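I opened this model to go through its salt bridges, helices and surface. My notes follow in the order I looked things up.

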Amino acid sequence: MRGIAVPDRTEDFTADPVELFFDLVFVFAFSRLVVHLVDTPTWNRVGEFSLLFLMIWLPWTQFTWSTNAVSSSSRPVRLLMLVATVASVPMAGSTTAAFDDGGPAFAISVSVILAMGLLTMITGLADEPDVRASIVRYSVPNWCAIALMIVGSFLEREVRIGFWITAIAIVVDGTIRAGSSEWLVRPGHFAERHGLIVIIAFGEVVVALGVPVAANLDDGGNLSAPTLAALVAAGTFAGLLWWGYFDRPSPAIEHRHTEHHDPIDAGRFARDVYTYIHTPIVAGVLVSAAALEQITQHPTEPLPSAFRWMLFSGLALYLLGVSLAVARAFRVVAVERTVATVVMGIAIASANDVDALVLIVIVDAILFAMLAIEHQRVEVKYREPVVGQQV
């Protein structure tokens, strides 16, 4: 790692192809998480999903911070990320068995990736003593968390869960304490990396759409009209979610981030908006994908209660997550998204006897109305007056 050239503080850059390659394994991991929910839709599984997602999120977000400070375009960092990618394959493959015999494989893989992310930043910032001191201090609780994750993976299920929850709590406490330290932050790279992980989560929605298509065609059958309609409605749902993040909030938040010139303030902004708030955003898309899979497979039947709550919970996490990011960045309330969340909660809770196809169409209509009203309000409020026009 000696001799790695750390870009100048004022230099921003885009994600390197090796980072995109690293993300591919998380496509697999997210897919296994959705399967974990769909197979047994119980509250116990929801708790397991939440814990597993947080443990998978830890190494991904650490490598994002590391490659934000130390460009991954250099060969040593690329090599480390390729090794981390290989190490993450067992993590993804053992996700659904993490609370059984696959626990050690899962925890050790997560720990290896997390450790490599920390070491990349520690060893690569020799010429940035203040930032290097920050990551060294921050790494101490992380090493403790890594030990807890590995040791816990060899213990009984209930004790294992306790160890893993404690490990996550230690890391979160470390990120809170790190808010008073100086960090090397490049807003454009942060925005791009988190936009990419949101896109990967959307990929699970696409997979959910493809399940009924593959099942019917593999059996030699044809796609029925209700199935086709459900696919169109679910595809519309995915497009509306995409629009609700990438059209205005994502670029606006990135621009706001560039206005934080103090390294401590910039670090806190990145921690709050990206590391913290993007956690429910990404998780919400995955939970919604689990519900969509059920909708597209059984469009003419009422959606079971468990999947209705998955649909609502996923949407609430996503919409309120984006709203929270906007509130943190601009100190404003995304009124339409908050109201839409409440309206959808009422609609979904009242849909006991409503066919799944009808329900997803109703949700699409609410999402479309939300985006249209929000767009109109924001455009009118912030539209610049035409030259010569009396205001």
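**Entry 1**

I started with E374 and R337, and both are buried. I take buried as under 20% relative accessible area, exposed as over 50% and partly exposed as in between, with a 1.4 Å probe and protein chains only. The side chains of E374 and R337 form a salt bridge, 2.8 Å from N to O. E374 sits in helix α14 and R337 in helix α13, so this pair ties together parts that are 37 residues apart in sequence. My salt-bridge rule is a side-chain nitrogen of Lys or Arg within 4 Å of a carboxyl oxygen of Asp or Glu. Helices here are DSSP runs of H or I with at least four residues, and strands are runs of E with at least two; numbering starts at the N terminus.

I noted the ground rules next. This is a predicted model, in which local features need pLDDT of at least 70 and side-chain atom pairs count only at pLDDT 80 or more, while totals for chains, interfaces and linings use all residues. Residues are numbered from 1 along each chain as its sequence is written, and side-chain values use heavy atoms, with hydrogens and water left out.

Then I checked R377 and E336. Their side chains meet in a salt bridge at 2.5 Å, N to O. The pair links distant parts of the chain, 41 residues apart: R377 is in α14 (residues 356-382) and E336 is in α13 (residues 335-349). R377 is partly exposed because its relative accessible area is 32%. E336 has 12% relative accessibility, so I log E336 as buried.

**Entry 1: other salt bridges**

How many salt bridges does the rule give? I get twelve. D272 and R271 make one of them, with 2.9 Å from N to O. D272 counts as buried because its relative accessibility is 14%. R271 is also at 14%, so R271 counts as buried. I also found a network of salt bridges that links E19, D23 and R193.

**Entry 2: T64**

I moved to helix α2 (residues 43-69), where T64 is found. T64 is at 0% relative accessibility and therefore buried. What does its side chain reach? The T64 side chain comes to 3.0 Å from the backbone oxygen of W60. For polar contacts I use N or O atoms within 3.5 Å; within protein, one must be able to donate a hydrogen and the other to accept it, and residues adjacent in sequence count only if both atoms are side-chain atoms. I then set aside neighbours within four places in sequence. T64 still touches H189, F190, R193 and H194, with contact meaning heavy atoms within 4.5 Å. R193 also belongs to the salt-bridge network with E19 and D23.

**Entry 3: nonpolar patch**

I looked over the surface for nonpolar patches. F21, L24, V27 and L82 make one of about 330 Å². Patch residues have over 30% relative accessible area and no salt bridge; like charges are joined within 9 Å, and nonpolar side chains (Val, Leu, Ile, Met, Phe, Trp, Tyr) within 5 Å. The areas come from the Shrake-Rupley method with a 1.4 Å probe, and for residues only the protein chains shown count as cover. Helix α1 (residues 17-39) gives the most to this patch, three residues. L24 is in α1.

**Entry 4: helix spans**

The 22 residues of α8 should span 32 Å, and the end C-alpha atoms are 31 Å apart, which agrees. The buried residues of α8 include L231, F237, L241 and Y245. Helix α11 (residues 278-297) has 20 residues and reaches 29 Å between its first and last C-alpha, close to the 28 Å expected. α11 is mostly covered, with 18 of its 20 residues buried.

R331 lies in the loop between α12 (305-330) and α13. R331 is exposed because its relative accessible area is 64%.

E259 is in the loop between α9 (249-258) and α10 (263-276). Its relative accessible area is 41%, so E259 is partly exposed. I find 9.5 Å between the C-alpha atoms of E259 and P187, which are 72 residues apart along the chain.

How values were computed. The expected span of a helix is 1.5 Å times one less than its number of residues.
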